[in-house]
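This report examines how parts of one protein chain are arranged. Please keep the sequence and the model in view while reading.

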Amino acid sequence: MFKRANGHRAPRRGRRRLVGAAVALLCVVLIQSASAETTVLIDGATANTQCTAAYPGTVGPDQLSPCQWDMKVINAGAAHSTATGKGVKVGVIDGGIDFSHPDLAGAIDVARSCSFIFSTTPTADPAEIANGDCSNKAAVQDLQGHGTHVATTIAGRANGIGIVGVAPEATIVGLKACTIDGFCFADSVAAALRYAGNQRLDVVNLSLFADPYLYFCANEAGQRAILRDLQSAARYAQQRGVVIVAAAGNEAHDLGHPTIDEISPDWPPDTAIVREVGNNCRVTPAELPGVVTVSASGVNTLASYSNVGGPVDVTAPGGDAGQTTVFGRGRILAGWSSTDATGLWEALIGANRAVTSGGGRYVWISGTSMASPHAAGVAALIRGQHPGMPQGAVAALIRSSATPMSCPASWPTADPRHCTGGTGQTSFFGAGMVNAQGAVSR
Ligand SMILES: [Ca+2]
Ligand SMILES: [Ca+2]
């Protein structure tokens, strides 16, 4: 998302002004100028009151639960009397996790957490380089916030404060493959996937695409080699039982009919070219075989930014501020890092999208990054119910238990994404909206 080293990107069609652009880490951070009286850090009690009014009927045990319209959509609360993901190990391949976040207290497997940022990785902060030496725990600490948002969506504790995650007794393994500047280079992503396989984690979530190419094209030798390595790493993990869940991406592309990639390579700076891409080109890990690929929905329908198409297995709430008049609240609320060194926390305070509860930081953001961890949380609930279930069967159950969705009744004709398929399998929503309660009652 927020990439300091690469500077600001020009607005693209279908996007509003981006201050922190979603690129490798797939969240959309739109910082709108707010009037002076609204630029305050919201306290948890105020958020509770505002959300209770904005989303009547959205209830839960924690202070910010009334803000969690997303958890209501996927029937997460209803699932928790049956399943909580207790003891299930979920790897978050991302920019690290905040070890001190109060909603992750008792949730983190510190021993297995590891940084795969290398000495050779561009854009890294020196503090996050561990070269896969898992004894360096400090390197896993989240210096931004994206990874903590993902982790708390999956496994935020039901502890009275903040939010409640999809699988509130699951265990989080922090696997850092993305730098402070939001780049997730392919060698780090592949190393994290292989490690997840070696550790036989139950689930991994990847709310990212592997840099430096949005699309890796098989007709170009260098890109083909990277694509093969990522594919091999994903297969290695899957063969060791890991359910791989990934975000579909935020380019508003139809992955079934890609046409243009204008942001690759996104490193080194200013080397991107506008190129035509076809079906020999793939976004990874979203388009790798067997990956549970998740599109993003807002409160009403597909999110404005979400990629769609054949690889999409299911949809989940990623938020879309344009689908509600309630300022900021159509996005997804989850945790943020106490050690964000990028300035994004302060910017989100300025945009009236930051709240504290129980001493923890929380923000409203949106993206397929936010959708994917909802599906990963459902995978964790399933694994908790069925510890021996093969990863492919878990993926199939995520699909078969989803709430079927039809194509939107009306959709802008100018939008390059066209919904195809019938109820139960569409190019926008795959098999439908992930359903935590449905998944644990099979
Ligand atoms: Ca909580
Ligand atoms: Ca897929």
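The sections below move from a helix to a sheet, then to a core and some backbone details.

## Basis of the report

The structure is a predicted model, in which local features need pLDDT of at least 70, side-chain atom pairs count only at pLDDT 80 or more, and totals for chains, interfaces and linings use all residues. Residues are numbered from 1 along each chain as its sequence is written, while chains are lettered from A and ligands numbered from 1 in the order in which they are written.

Helices (H or I, at least four residues) and strands (E, at least two) are DSSP runs, numbered from the N terminus. A residue is called buried if 20 or more other C-beta atoms lie within 10 Å of its own, exposed if 12 or fewer, and partly exposed in between, with C-beta atoms placed from the backbone.

## The covered helix α4

Contact requires that the C-beta atoms of two residues, placed from the backbone, lie within 7 Å. The buried residues of α4 pack against several elements, including β2 (89-94), β4 (171-176) and α8 (368-385). The helix also lies across β13 and β15, running at about 115° to β13. Axes here are lines fitted to C-alpha atoms, for helices over the stretch in contact, and angles run from 0 to 180 degrees between N-to-C directions.

How do α4 and α8 meet? Their axes come within 8 Å and cross at roughly 35°. On the α4 side, H146, H149, V150, T153 and I154 take part, and they meet residues of α8 that include M370, P373 and A380. The contact of α4 with α8 has six nonpolar, six polar and no charged residues. In this classification Ala, Val, Leu, Ile, Met, Phe, Trp, Tyr, Cys and Pro are nonpolar, Asp, Glu, Lys and Arg are charged, and the others, Gly among them, are polar.

## The four-stranded sheet

An open sheet has the strand order β1-β14-β15-β13, with mixed pairing. Because β1 (42-43) and β13 stand at the edges with a single partner strand each, one side of each is left without a neighbour in the sheet. Two strands pair if DSSP finds at least two bridges between them.

Strand β15 is joined to β13 by five bridges, and the two run antiparallel; the bridge partner of L333 in β15 is W364. Strand β14 (residues 354-357) pairs with β15, also in the antiparallel sense, over four bridges, and V355 stands opposite Y362. Both faces of β15 are covered: G360, Y362 and W364 are buried on one side, and R361, V363 and I365 on the other. In the hairpin of β14 and β15, two residues lie between the strands, and G358 takes a positive phi near 60°.

## The nonpolar core

A nonpolar core is a set of buried Ala, Val, Leu, Ile, Met, Phe, Trp, Tyr and Cys residues joined through C-beta atoms within 7 Å. The largest one has 142 residues, of which V90, I172 and I398 touch the most other members. Its largest share, nine residues, comes from α8. Beyond its neighbours within four places in sequence, I172 has contacts that include V90, A151, I154 and A155.

## Backbone details

Two peptide bonds are cis: the bond from S264 to P265, with omega near -10°, and the bond from W267 to P268, with omega near -5°. P268 lies in the loop between β8 and β9.

T123, in the loop between β3 (114-115) and α4, has a positive phi near 75° although T123 is not glycine.
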